[in-house]
Amino acid sequence: MKQAQILYKERVVGILTSFQLLELALKIYIGKSYDLIDHLVKDKVHFDFSIKDIESYPLERLLNLFGKLNGNEKLKKRLNKLRSERNYVAHEALLVTIGSNPNMETLHKKAKDFFYLEDELSECLQLVAAEGRELLRRFKQKKA
């Protein structure tokens with residue numbers, strides 16, 4: 001029983017780390033979008049947004065902003081499905097392991113769910129990175 005708890009906790013920490021990486025990728029994407037917008041509207045419209053404005057934003061707000069700055073509807077739909085999962089992992093996932101008599105049924109079920117969540121997070125992170133690379137490619141074209 002202890003080994004299952006340890007493995008579960010390690011998986012939860014790994015998933016939280018993946019969510020942190022996703023937040024960072026979204027912040028970079030949004031910051032670069034702001035840079036591109038600023039470059040395009042310079043001397044036409046005052047635009048004073050930067051990555052500094054969003055450094056402390058949680059995933060929820062970052063997803064809302066990303067949705068306004070990115071047109072990949074399929075990716076946005078996948079990312080939005082992660083909202084409730086992230087909230088569960090961040091606020092409740094470790095509660096099942098507390099105490100001398102943990103809820104093993106929930107622990108085993110969630111451990112299975114987390115297996116798929118890890119894959120989805122990894123894929124979404126790769127897709128956000130790809131969107132970021134595309135944005136940078138367009139940014140370089142506009143600067144030239």
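This is a predicted model: local features need pLDDT of at least 70, side-chain atom pairs count only at pLDDT 80 or more; totals for chains, interfaces and linings use all residues.
**Entry 1: rings**

I started with the rings and found that Tyr8, Tyr88 and Phe114 form one aromatic cluster. Residues are numbered from 1 along each chain as its sequence is written, and side-chain values use heavy atoms, with hydrogens and water left out.

My rule for a pair: rings of Phe, Tyr and Trp (its six-membered ring) count if their centres lie within 6.5 Å, with planes under 30 degrees apart called stacked, over 60 edge-to-face and the rest tilted. The structure holds seven aromatic pairs. One of them is Tyr34 with Phe47, which is edge-to-face, at 5.8 Å centre to centre and 70 degrees between the planes. Tyr34 lies in helix H1 and Phe47 in the loop between H1 and helix H2 (59-69), so this pair ties together parts that are 13 residues apart in sequence. For helices I use DSSP runs (H or I, at least four residues), numbered from the N terminus.

Are Tyr34 and Phe47 buried or exposed? Both are buried. Here buried means under 20% relative accessible area, exposed over 50% and partly exposed in between (1.4 Å probe, protein chains only).

Next I looked up Tyr88 and Phe114, a tilted pair with 6.4 Å centre to centre and 50 degrees between the planes. This pair links distant parts of the chain, with Tyr88 in helix H3 (residues 73-91) and Phe114 in helix H4 (residues 104-143), 26 residues apart. Tyr88 counts as buried at 16% relative accessibility, and Phe114 does too, at 0%.

**Entry 2: charges over rings**

What sits over the ring of Tyr88? I found the charged end of Lys110 there, 4.3 Å from the ring centre. Arg61 has its charged end over the ring of Tyr57, 3.8 Å from the centre. To count, NZ of Lys or CZ of Arg must be within 6 Å of the ring centre and within 35 degrees of the ring normal.

**Entry 3: H1 and what follows**

Helix H1 (residues 2-41) has 40 residues and reaches 58 Å from its first C-alpha to its last, close to the 58 Å expected. I got that expected span from 1.5 Å times one less than the number of residues.

Just after H1 comes Asp43, with a positive phi of about 70 degrees, although Asp43 is not a glycine. Most residues other than glycine have a negative phi. Asp43 lies in the loop between H1 and H2 and is exposed, with a relative accessible area of 81%.

**Entry 4: salt bridges**

How many salt bridges does a search of the whole structure find? It finds eleven, each being a side-chain nitrogen of Lys or Arg within 4 Å of a carboxyl oxygen of Asp or Glu.

Lys76 bridges to Glu73, with the closest N and O atoms 2.9 Å apart. They are three residues apart in helix H3, so about one helical turn separates them. Lys76 counts as buried at 12% relative accessibility, whereas Glu73 is exposed at 52%.

Glu123 and Arg78 also meet in a salt bridge, 2.7 Å from N to O. That one links helix H4, where Glu123 is, to helix H3, where Arg78 is, 45 residues apart. I also noted that Arg78, Glu120 and Glu123 are linked in a network of salt bridges.

Key:
Helices (H or I, at least four residues) and strands (E, at least two) are DSSP runs, numbered from the N terminus.
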